[in-house]
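The sequence and structure are shown first, and a description follows.

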Amino acid sequence: MKWAKAWRLSDIILIALIGIFFGAIFMGTNYVYDVLTAVLAPVGLSGLANELLLGLWCMPGMLAGYMLRLKGSATLGELLAATVEMFFGGQWGISTLISGVTQGFGAELGYIVTRYKHYDWLGLTASALTTTIVTFGWDLARNGYFKLQLWLLILYFVVRFCSMFLFGGVLTRLITDLLDRSHVLKSTHTN
Amino acid sequence: MNPSIKLLLLFIIALEISFTMIISLNITLVILAMIYLLAHRTKLRTIGWLLIVPLLPAIGLWSTQYINGSGNKTLMAWVLFTRIYAFVFTGATFTLTTNILQLADALEQNWHLPSKFAYGVLAAYNLVPKIQHEVQIIRTAGLMRGQQLSFWSPKLYFKAILVSINWSQNLAQAMTSHGFVEDAPRTHYRHSVLCWQDWAILIIGVGLLQVGIFLVPWV
C-alpha cells in the first residue's frame, strides 16, 4: 500500500466532499436525462442521452486527477463519488460501483500514459480519450452496444468523446484555472 | 452477513450478468432479490418505486436494440430490459439492508483498508444533507447578484470546491484533535466479524450462479 502513504486525511475528505458536491449538482440534471431519453426512445436513439451527459458524470474523476496530482486520485475520486451515490439515493446499486471503477480508471489511464507529468491540455485530452475508450468497452457488454449497427456505434463513440472533452477537459480546465487564480490549492497542489 | 462479502458476491453477479444473455436468469435474480427484500421487511412502496424508476432507461435500451440492433433484435432488447432490473434489484439487496458505516467497518477491520480512508469517507458522507443545502445557498447567492449558475458554469463548481477545501481541513483538524492518528493502530468499539458462514454463502452463491449460467437449460 505504498501509494496510500501519500494520501493525507484532509486529501481523502476533500476528494470525497468534491464527489458529493458534484453529485448534488448533477441531481439537477436528471430531468435533462429523462426528457432526452423519453424523446429519443421512440426512434431508438435513447443512448444519446447517456452519451451526451456521460462526460459530466465522469468529471469528478478527471478533475480529481488533474487537481490533486496524486497517483490514484482520479480512480479514487470517481470511486468515492460512486460509493456515496450508491448509498444515497442511487437506485442503480452495485452497477454504479462498477461504472465508478471503470470511469475512474479510464480517467487515471490518461494520466498514466502521460506519466503523471502533463497537467495541461495533453493530459486532459489523453484522459478524455482513455475514459471514452474504457467506458465504451464496458458499455459494449453492459448496455449491449456490441449488437448495435456500426453507424450508431461510431455516432455514440464520437458523441461520448465530445462530451468527455467538453465536461472533463474544457470545464475541468476552466474550474482549475479559477482555483489557480485564487491560490487556494497551494497546500495540496505541489504533490 | 458480512457486508464486504455481500458486496463481493453482488459484484460478481453484476459483472457476470453483464456478459450473459439469458432473460430467465435475469428474471430469476429479480425474483430472488425481491424475496430477500421482503424477508427483510422492505416496504412494498419501496419495491414499487424500484420497479418504476428504471422503467424509462429500460425502455430506452429496449427500443435502441429493437430498432437499431443487429442479429436477434428482440432477444437482445429483452435481455437488456431485464438486465437493468436485475442490476437494480440485486443492488437494492445491499443498499437497503446495509449502511455505509457497516461497510466501512468491514473493509477496515476485515480487509485492512487504511483507517484514514474508512473514516475520511465516513466524515464526508455524513455531510451529504449539508452539502445539498450548500449547493442551494451557492445558487441563491449567485441569483442575488444576477448570475444564473447552471451545471455547466465553472463558477458553481469552483465555489463548491472552495467550500470542500475549507470543510475538509476543518474536519481533518476536528478528527485529529479528537485523537485520530493517521496510520496508527486502532482499537474498535464496533466489531465486524468475518466467519466461515460468510465464505460459505459466497462460494455457494457464486456456484449457483455458474449453474444458472452454464447448466440450466433456460427456455
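Arg160(A) and Asp139(A) form a salt bridge in which the closest N and O atoms are 2.5 Å apart. The two residues belong to distant parts of the chain, Arg160(A) to helix α8 of chain A and Asp139(A) to helix α7 (residues 121–142) of chain A, 21 residues apart. The model described here is predicted. Arg160(A) has a relative accessibility of 0% and counts as buried; Asp139(A), at 7%, also counts as buried.

A salt bridge also joins the side chains of Glu51(A) and Arg160(A), at 2.6 Å from N to O. Glu51(A) lies in helix α4 (residues 47–68) of chain A and Arg160(A) in helix α8 (residues 150–182) of chain A, so this pair ties together parts that are 109 residues apart in sequence. Both Glu51(A) and Arg160(A) are buried.

## A salt bridge in chain B

In chain B, the side chains of Asp105(B) and Arg190(B) meet in a salt bridge of 2.7 Å, N to O. Distant parts of the chain are linked by this pair: Asp105(B) is in helix α6 of chain B, whereas Arg190(B) is in the loop between α9 and α10 of chain B, 85 residues apart. Asp105(B) counts as buried at 7% relative accessibility, while Arg190(B) is partly exposed, with a relative accessible area of 34%. As for the residues of chain A, salt bridges with shared partners join Glu51(A), Asp139(A) and Arg160(A) into one network. Over all chains, the count comes to five salt bridges.

## The interface between the chains

The contact between the chains involves 75 residues from chain A and 74 residues from chain B. Together the chains bury about 6,300 Å², with 80% of this area on carbon and sulfur atoms. Asn68(B), Phe151(B) and Tyr157(B) supply 11% of the area that chain B buries against chain A, more than any other three residues.

On the side of chain B that touches chain A, at least two residues each come from α1 (3–17), α4 (55–68), α5 (73–95), α6 (100–111), α7, α8 and α9 of chain B. Helix α9(B) gives the most to that side, with 17 residues.

## Helix α8 of chain B

Helix α8 (residues 128–144) of chain B has 17 residues, which at 1.5 Å a residue should span 24 Å; its end C-alpha atoms are 25 Å apart, in agreement. The buried residues of α8(B) are Val128(B), Ile131(B), Glu134(B), Val135(B), Ile138(B) and Gly142(B). Viewed down the axis of α8(B), its buried residues fall within an arc of 105 degrees, so they line one face of the helix. An α-helix has 3.6 residues a turn, so residues three or four places apart point the same way.

The buried residues of α8(B) are covered by elements of both chains, including α2 (9–26) and α5 (73–87) of chain A and α7 (115–125) and α9 (154–177) of chain B. Exposed residues Gln136(B), Leu143(B) and Met144(B) sit on the face of α8(B) turned away from its buried side. After α8(B) comes Gly146(B), which has a positive phi, near 75 degrees.

Key. Residues numbered from 1 in each chain as written. Chains lettered and ligands numbered in written order. Predicted model: local features only at pLDDT ≥ 70, side-chain atom pairs only at ≥ 80, totals over all residues. Heavy atoms only, no water. Helix = DSSP H or I, 4+ residues; strand = E, 2+ residues; numbered from the N terminus. Expected span 1.5 Å × (residues − 1). Buried < 20%, exposed > 50% of the residue type's maximum accessible area, 1.4 Å probe, protein only. Arc of directions from axis to C-beta. Contact = heavy atoms within 4.5 Å. Buried area = accessible area lost by both parts, 1.4 Å probe. Salt bridge = Lys/Arg side-chain N within 4 Å of Asp/Glu carboxyl O.
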